[in-house]
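Thanks for coming. I will go through one model this morning, starting with a definition and then moving from the sheet to the helices and a few single residues.

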Amino acid sequence: MVSVLIVNAQSLQRLGLRMLLGAAPGTTVAGETASGAEAVRLARALRPDVVLIDAHASGADGLETVRRIAHPAHPSPAPHPAPPSPAPHPRILVLAPPGHERHAYAALRAGATGFLSEDATPDELIAAVRDVAAGEAVITPALTQALIDAVRRQDTVRTAGRDVGLDTLTGRERDVLVAVASGWSNAEIASRLSIAPTTVKSHVSHILTKIGARARVQAVAFAYESGLVHPAA
């Protein structure tokens, strides 16, 4: 059973998400809130598998909310900080409305695991929640180019350690990373590179470890930032 914490500033949207996820087989709603600070508290207290957070949530502190949930070992100062949780960190799925792709990219850098457009179908949302809980990253095709464009527009990008991470990849791992950055699924990568699907998963896992990424979408950003893949003009 996948437990979900809903973080959304709109009460009607929270209601709809609660009804949808509560009725879906294999998912349950652990809690809900409109507040970023409350989301951090609930993530620690309830230990959900997935935090489903709207890109609008919490206004200016939305990125800090994502950061504090994704990296609970480094919370913002508090008078009585909660003890570290022995449970795995919850994964974060961001619902990104049209026109907020740059916000979604910033959330990725803060520690989000995946992104889903707000116009996704109910089935797509449920599947995304399950995939994220299982350790897979989710990014909708409609957001892929927008995120690539966001990478191109960054005024400053990380350079320290980036080349080192790229240099640790084998030739086959680079091939797989290029395919991932191109939006191919594991099945497509396996077919096009003539390798087994289990081998693809192994390569992706090794890539994430070597470049210090938590999720597949972060590997996509790394591929473009490192110059391994160049956005189309």
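Before anything else, a term: a residue is buried under 20% relative accessible area, exposed over 50%, and partly exposed in between, with a 1.4 Å probe and protein chains only. By that rule Ser-194 is exposed, because its relative accessible area is 66%. This is a predicted model, so local features need pLDDT of at least 70 and side-chain atom pairs count only at pLDDT 80 or more, while totals for chains, interfaces and linings use all residues. Residues are numbered from 1 along each chain as its sequence is written, and side-chain values use heavy atoms, with hydrogens and water left out.

Staying with Ser-194: the residue lies in the loop between helix H9, 186-193, and helix H10, 197-211. Helices here are DSSP runs of H or I with at least four residues, strands are runs of E with at least two, and both are numbered from the N terminus. Ser-194 has a positive phi of about 55° although it is not a glycine. Arg-47, also not a glycine, has a positive phi of about 55°. Arg-47 sits in the loop between helix H2, 36-46, and S3, and counts as partly exposed because its relative accessibility is 43%. For context, most residues other than glycine have a negative phi.

Now the sheet. In what order do the 5 strands run? The order is S2-S1-S3-S4-S5, in an open sheet with parallel pairing. Two strands pair if DSSP finds at least two bridges between them. S2 and strand S5, 114-117, are at the edges with a single partner strand each, so one side of each has no neighbour in the sheet. From one strand to the next, the twist averages 25°. S5 pairs with strand S4, residues 91-96, in the parallel sense over 4 bridges, and Ala-96 stands opposite Ser-117 in S5.

Helix H5, residues 122-133, lies across S1, S2, S3, S4 and S5, and runs at about 155° to S4. Axes are lines fitted to C-alpha atoms, for helices over the stretch in contact, and angles run from 0 to 180 degrees between N-to-C directions.

Is Thr-33 buried or exposed? Thr-33 counts as buried because its relative accessibility is 8%. Its side chain reaches the backbone nitrogen of Ser-35 at 3.0 Å. Contact means heavy atoms within 4.5 Å; leaving aside neighbours within four places in sequence, the contacts of Thr-33 include Ile-6, Arg-14, Glu-38 and Leu-42.

Last, the helices. H8, residues 171-181, packs against H11, residues 216-225, at an angle of about 105°, with the axes 9 Å apart. That makes H8 roughly perpendicular to H11, because angles of 65 to 115 degrees count as roughly perpendicular, under 35 as roughly parallel, over 145 as roughly antiparallel and the rest as oblique. Leu-177, Val-180 and Ala-181 in H8 meet residues of H11, among them Arg-216, Val-220 and Phe-222.

Gln-218 is also in H11. Gln-218 counts as buried because its relative accessibility is 16%. Not counting residues up to four places away in sequence, Gln-218 touches Leu-108, Gly-111, Ala-112 and Ala-213. Gln-218 and Gly-114 are 104 residues apart in sequence, yet 8.9 Å apart in space, C-alpha to C-alpha.

Methods. A polar contact is a pair of N or O atoms within 3.5 Å; within protein, one must be able to donate a hydrogen and the other to accept it, and residues adjacent in sequence count only if both atoms are side-chain atoms.
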